[in-house]
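Please look at the sequence and the structure together before reading on.

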Amino acid sequence: ISEELRRAQEEWEAVEEIQSGLGGTSASAAPPISFNEALQYFQTADLSECRKKVRATVRRQGLAALIHFFFGPPRLQPQLQGERELALAMAQCGLDDNERVHMRILQTIYKKLTRSSLGCPRYGAHWEELGFQGVDPGTDLRGTGMLGLMQMLYFVMDAQMLPLAQEIFKLSQHETQARGVWAAVTLLLLQNFPFCIMSVNITRIVIQALREERLSRECNRRQQVIAVLNDLYAAAFLQLYRLWKWQHKTIADSGFLLKELEFSTKKKPKQLLKSLEAYMSHSPAAGSLQHPSPASGGGRGREEMDFTGVCDPRVELEGEARLI
């Protein structure tokens with residue numbers, strides 16, 4: 001009896017260890033956090049140190065500054081500047097193990113993507129399965145900070161967006177059952193990609209578009225900033241998903257596709273947002289967008305791919321495309 005009790009206790013402790021991820025408490029006991037609740041936390045949190053690191057706008061000099069002044073997008077309206085600064089401050093805020101809200105955001109993303117009711121340890125290989133590059137998601141957030149996690153949270157906690165997020169995550173987990181000589185051949189056809197790293201890259205593109213004042217017109221029209229950022233993030237992810245799935249892209253094509261997304265996000269944000277709206281409303285226009293033209297995204301991605309270790313805020317997507 002004593003041996004049976006000992007084994008039972010060990011099994012129970014193992015379950016508690018799996019659930020532990022919120023500062024020693026049971027992760028499953030903490031309810032998922034909504035995007036609005038998390039946003040309210042950041043609205044009231046002391047982000048003064050993060051705000052000091054914010055680079056408000058991209059500096060232009062000479063002819064570029066002159067062209068932007070006369071032909072560039074309109075300036076963001078004064079009443080929206082505070083929300084813009086909050087978004088940029090969140091992008092400078094690192095993941096903090098001691099902040100319960102940070103940990104709840106992380107756990108909610110894990111539960112929603114894996115469709116699990118259990119939490120997970122703060123560190124471990126399970127984060128690599130979600131598409132981070134290592135056992136600690138925090139190391140992949142340099143350059144996007146908590147805004148990178150907040151946009152993932154929006155993606156999985158919005159009732160309309162969640163099916164799309166899970167569908168993209170499913171594609172990112174694409175595997176083959178091939179064996180022997182076919183394994184080497186099918187490896188080149190795998191469409192798996194690191195979901196969370198791709199998400200962070202899209203957030204970086206959105207941040208850059210905001211800093212370059214590319215989104216001011218849409219933000220002024222809607223009288224919102226963070227909501228526009230979130231919708232543009234989802235629209236860019238949708239565009240990536242369509243190109244990746246229907247053109248049978250692989251990880252070798254990611255550099256070129258990110259370059260395409262950067263161009264679309266900065267030059268055609270309204271078009272991206274309309275495609276998302278059409279997709280979400282299941283209109284005939286959405287159906288016409290299911291299969292992108294094969295003319296876009298050729299084999300150039302294999303030459304332009306540059307896989308680096310972590311998100312370095314000094315690395316810009318302009319110029320050489322990178323998956324970071």
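Predicted model: local features only at pLDDT ≥ 70, side-chain atom pairs only at ≥ 80, totals over all residues.

Residues are numbered from 1 along each chain as its sequence is written, and side-chain values use heavy atoms, with hydrogens and water left out.

**The whole protein**

The secondary structure comes to 17 helices and 2 strands, where helices (H or I, at least four residues) and strands (E, at least two) are DSSP runs numbered from the N terminus. Of the 324 residues of the protein, 47% count as buried; buried means under 20% relative accessible area, exposed means over 50%, and partly exposed lies in between, with a 1.4 Å probe and protein chains only. The accessible surface comes to about 16600 Å², and 54% of this area belongs to carbon and sulfur atoms; such areas come from the Shrake-Rupley method with a 1.4 Å probe, and for residues only the protein chains shown count as cover. Among the contacts in the protein with a separation of 6 or more, 76% are between residues 24 or more positions apart, a contact being heavy atoms within 4.5 Å.

**A covered helix**

Helix H9, which spans residues 162-172, is mostly covered, with 8 of its 11 residues buried. Its buried residues include Leu162, Ile168 and Phe169, and also Gln166 and Ser172. What covers the buried residues of H9 includes H6, H7, helix H8 (145-157), H11, helix H13 (226-246) and helix H15 (269-281).

**Single residues**

Ile197 has its place in helix H11 and counts as buried, at 0% relative accessibility. Although Ile197 and Asp140 are 57 residues apart along the chain, their C-alpha atoms are separated by 7.2 Å.

Two further residues have a positive phi although neither is a glycine: Arg115, with a phi near 60°, and Glu213, with a phi of about 65°. Arg115 is in the loop between helix H6 (100-114) and helix H7 (126-130), whereas Glu213 is found in the loop between helix H11 (195-211) and helix H12 (216-222). The table sets out their accessibility.

| Residue | Relative accessible area | Class |
|---|---|---|
| Arg115 | 63% | exposed |
| Glu213 | 11% | buried |
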